[in-house]
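Please look over the charged pairs in the model below. A short report on them follows.

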Amino acid sequence: MASDKFVMRHIGPRDHEIQEMLNVLGVSTLDELMNQTVPENIRLKNPLNLEDGLTERQYFRKILALAAQNKVYNTYIGMGYYDTITPAVILRNVLENPVWYTSYTPYQAEISQGRLEALLNFQTMVCDLTGMEMANAGLLDEATAAAEAMIMMHNSRSRAKAKANANTIWVDEKVWPQTLDVLITRANPLGIELKVADWRNFDLDETTFGVIVQYPNSDGQIVDYSSLVKAAHEKEVFVSVAADLLCLSILTPPGEWGADIVFGNSQRFGIPMGYGGPHAAFFASKAEFKRTMPGRIIGVSKDAHGNRALRMALQTREQHIKREKATSNICTSQALLANMAGFYAVYHGPEGITQIATRIHGIAALLEKEISALGYTQLNSNYFDTIRFALPRHVKREDIEWLSLELEMNFRYFENGEVGLSIDETTNLDDINWIIEVFAKAANKPHGIVTEYPAICTIQTAFLRTSAFMQQEVFNKYRSETEMVRYIKKLEHKDISLTHSMIPLGSCTMKLNAATEMLPLSWIEFGGIHPFVPKNQARGYHEMMEELRRDLAEITGFADVSLQPNSGAAGEYAGLMVIRQYHISRGEEHRDVVLIPSSAHGTNPASAVMAGMKVVVTPCDERGNIDVEALRQKAEEFKDTLSCFMVTYPSTHGVYESSITELCEIIHSHGGQVYMDGANMNAQVGLTNPSRIGADVCHLNLHKTFAIPHGGGGPGVGPIAVAAHLVEFLPSHPVMNNGHVGITAVSAGPWGSASVLPITYGYIKMLGADGLKRASEMAILNANYIANALKDNYGILYTGENGRCAHEMILECRHLKAASGITEGDIAKRLMDYGFHAPTLSFPVHGTLMVEPTESESKQELDRFIEALTGIFNEIQAVASGELDKEDNPLKNAPHTSDVVTADDWNHSYSRQTAVFPLVWLKENKYWPPVGRVDDAFGDRNLVCTCEPIESYK
């Protein structure tokens, strides 16, 4: 294999090792293994019609040329997106650091303490700035956070309100248009009546359960909502506030004037605009909502030795557990961006953030003074960063637009002819003078030169914040870059990521996130673009996205693709809403039943409920396959109301079901559509595709199959691909024409998380058709190699008709528990002592471990993992035989920390060597878990979700 081919760098095993692995499996070639694994009737007859793979150098030149087509202007549009300065210490050591971007969601708390602390900082910052009692670790974007607030208020209605069928929510007309559009999308299928009006005209009758307002509002005006809050609470109506997080450092926070929920975007805290995302939304509330709050909550607990330890709290709220009873389908958040925002707060501290906010307001106030002197009328009486001008009669809006574009600036233009300016952290003296020059030239008047920054505050005293915030030590300690980088490094050393070892999580596809794919993320040509600028300033983006849509359509076999959904769960929801709209367009809005196999991801039934559908679960047979006859019976039973069938392929059980085309035909013959969950596309690309199988729509997890990193729990991207008859229903956008005119928006950004799309674009361009197919083949080979090695000790729960698994397999552990008392959880914790992240625990089958190695892991790493699980199996056997104590053994006590094994006392029946160096090669590169086994129950009973010392809560 040529050394300059990217496929050689992406795939782990070398050619001679591939042959060794095939020999172990008793086959001669990869083709022979594929023939035994993938059913013949779904195999592609022709190779993918994609370009040949580029070398890394060729791709670098290509993406550089695309970046050069993006024009980075000074943009004062605002509307929820603002230029910001990412401190280089955070850019270099977090965004560009594979320890932070290749880690997984911190379900295994003991090996995730670093990023858990970073997310706890984020939560604390949000609580303090908003004045609320608790916050989660972030959501997808501001618009979907608004939708989550709406649904949480609806689900939290009093019994009297629910009995009175209170299904009305009032939304102020001065919220961001993208927020309103997503609210409309989410309200309709849930039977929520959404009414829009001036907040002063809300009719808070007995049918109203909640209201949503913006602070400051979309015009930039700071509004006193205290009378609304008082009136709402008197009538058992909840109040949610969309807030600008930065302004809350100088404005009275909503929590202090009675808001129940506060949400918004943390993008201003050092996160590039990125043509719309990804950014971490924030979501805070009163403590009474802790059981219904969407997303993840990081909580403080203790480990087995009584030491402070962090974990994800109250996980029983999450969709993968509650399934169709879930109140949210949130799965991925934006953890990497939340970490960055939290570090921004740590680095600047309360004084620095206040200074930034004060300076922004001062510049806005100066511009009001200077521009008003030219004959313009500024309309906002109280504002933070946004000023809005009515033009003199002799000045045309077109003149201002033309003059501003000549100076490479973008202003905001209101439908009524007014012109707006939203100032940000990057605005400097040159910018101030250029802005004044535009207004002066348009008015044909002379102007002076501003030579110093003003210290002006025009905000009424009643609106100004008087309470302190972010007084915790972490926000007041790290001011020099030296100290900041050491703090970041201290946290990252606590975590396992792909830089340490394989992360064998089934259904998560923790593959290589190649450096060449990642490089453009730091470029201002991609990060510095506001999503609402004229399209001719983002030509590079649009050329890339058009190519990417075409390539993804070719890979899936479908007609078109929407890039808007910004997570896998958002993709599921968008796909289901497209199907829903298709039925409505045919006069069949009564079709609302979705059939979902018992083996499905938890997000499937949760997304279906969010889309207003009724979930009917269909069983699997004893081999783990969907029961064909049972599905046929259900399809017949619900033939008049059947909307769709949700199916994952290969199945979540790690098997290519040969009956898949028959299953799709059954659904189609009963009037339904087939939704394919793209979680396992890593075993399809180049071998088969959803269209060939018979699906109508699928979502793609770009953070799995297509190399966007998991980032410790986000960003994820979940575009949907659809057949020709569904294209007209793909999601639109209220501000920008994104090429589609179907359902209302499903995310805030017109193109979702646009700034991470170059990763997937690079992955496809560098692998090419042959490389993409080889990646799928190698994922299958690596999985079968592991399965073959572990089948005798553990057992593989499900395999295909020829005894092969797909790209993942389920290890049976229940017989080991019966013989020894050792659980799958004990095995997961013991793997940490061997330097590995655990496989997926008790999903989709309780008492098992699901393993997915991906194509990127080398044979040496696969062998190390096999050796580790074999060593653990031998330890389990020693417990079963009585050689090791049933309770005091290295599995029950895992993981072992350095503190434990270096203590003077060692009161265990096994040696320290057995505890921490069970295999010789661990001595060369030992990962030390920073805490012992975390006490989950203690953390839930004593919920603490900010970084105060635990003693302060007693």
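A salt bridge here is a side-chain nitrogen of Lys or Arg within 4 Å of a carboxyl oxygen of Asp or Glu. Such bridges link Glu51, Lys62, Glu547, Asp551 and Lys765 in a network. The model is predicted: local features need pLDDT of at least 70, side-chain atom pairs count only at pLDDT 80 or more, and totals for chains, interfaces and linings use all residues. Residues are numbered from 1 along each chain as its sequence is written, and side-chain values use heavy atoms, with hydrogens and water left out.

The whole structure holds 46 salt bridges. Three of them are listed here.

| Pair | Closest N and O atoms |
|---|---|
| Asp551 and Lys765 | 3.0 Å |
| Lys639 and Glu636 | 3.2 Å |
| Arg830 and Asp833 | 2.9 Å |

Asp551 bonds with Lys765 through a salt bridge. Asp551 sits in helix α19 (residues 539–556) and Lys765 in helix α25 (residues 757–790), so the pair ties together parts 214 residues apart in sequence. Helices are DSSP runs (H or I, at least four residues), numbered from the N terminus.

How covered are these side chains? Buried means under 20% relative accessible area, exposed over 50%, and partly exposed in between (1.4 Å probe, protein chains only). Asp551 is buried at 10%. Lys765 is buried too, at 5%. Arg830 and Asp833 are both buried. They share helix α27 (residues 824–833), three residues apart, about one turn of the helix. Lys639 is partly exposed at 36%, and Glu636 is partly exposed at 40%.

Notes: Helices (H or I, at least four residues) and strands (E, at least two) are DSSP runs, numbered from the N terminus.
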